[in-house]
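Reader: I'm new to this one and would like to know what stands behind the labels. Can we go through them step by step?

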Amino acid sequence: MIFEKVAAMIAEQLSVPQSKVTREARLLEDLKADSANVMMLILDLETEFGLAVEDDVLANMRTVNDIVTYLEKNA
């Protein structure tokens, strides 16, 4: 399932326990990601799922669920 894969990637990228990576978790506020973390995460996701995330879409990705929903529709 996409959520489990994304959660594992986020946990590794941000060095947080995977249990903290819930669908509702906000990347910046809850998981303490900074802009560099988010950029590296998106690059990894693009590679993993074979797609390109447009900048305007990226700007609206605030939660883990935003990422999962986008991947479910586009990957």
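Predicted model: local features only at pLDDT ≥ 70, side-chain atom pairs only at ≥ 80, totals over all residues.

Reader: How do you know that the span of α2 agrees with its 15 residues?

Author: Count 1.5 Å for each residue, taking one less than the number of residues. For the 15 residues of α2 that gives 21 Å, and the end C-alpha atoms are 21 Å apart, so the two agree.

Reader: Which residues of α2 are buried, and what covers them?

Author: The buried ones are Val38, Leu41, Ile42, Leu45, Glu46 and Phe49. Seen down the axis of α2, they fall within an arc of 140°, so they line one face of the helix. An α-helix has 3.6 residues a turn, so residues three or four places apart point the same way. The cover over the buried residues of α2 includes α1 (2–14), α3 (55–58) and α4 (64–74).

Reader: What makes aspartate 34 a cap for α2?

Author: One of its side-chain oxygens lies 3.1 Å from the backbone nitrogen of alanine 36, and the cut-off for a polar contact is 3.5 Å. That puts the cap at the N-terminal end of α2. After α2 comes glycine 50, with a positive phi near 65°.

Reader: Why is the pair of arginine 23 and glutamate 72 called a salt bridge?

Author: Their closest N and O atoms are 3.9 Å apart, and the cut-off is 4 Å. Arginine 23 is in the loop between α1 and α2 and glutamate 72 is in α4, so the pair ties together parts 49 residues apart in sequence. The side chain of arginine 23 also makes a polar contact with the side chain of asparagine 65, at 2.8 Å.

Reader: Why does arginine 23 count as partly exposed?

Author: Buried means under 20% and exposed means over 50%. Arginine 23 has a relative accessibility of 24%, so it counts as partly exposed. Glutamate 72, at 43%, also counts as partly exposed.

Reader: What about the pair of aspartate 30 and arginine 26: what distance do their side chains meet at?

Author: They meet in a salt bridge at 2.9 Å, N to O. Aspartate 30 is partly exposed at 37%, and arginine 26 is partly exposed at 38%.

Reader: How do you know that the buried residues of α4 are on the same side?

Author: Those residues are Val64, Ile67, Val68, Tyr70 and Leu71. They cover an arc of only 165° around the axis, which puts them on the same side of α4. What covers them includes α1, α2 and α3.

Terms used. Residues numbered from 1 in each chain as written. Heavy atoms only, no water. Helix = DSSP H or I, 4+ residues; strand = E, 2+ residues; numbered from the N terminus. Buried < 20%, exposed > 50% of the residue type's maximum accessible area, 1.4 Å probe, protein only. Arc of directions from axis to C-beta. Contact = heavy atoms within 4.5 Å. Polar contact = N/O pair within 3.5 Å; in protein donor to acceptor, adjacent residues only side chain to side chain.
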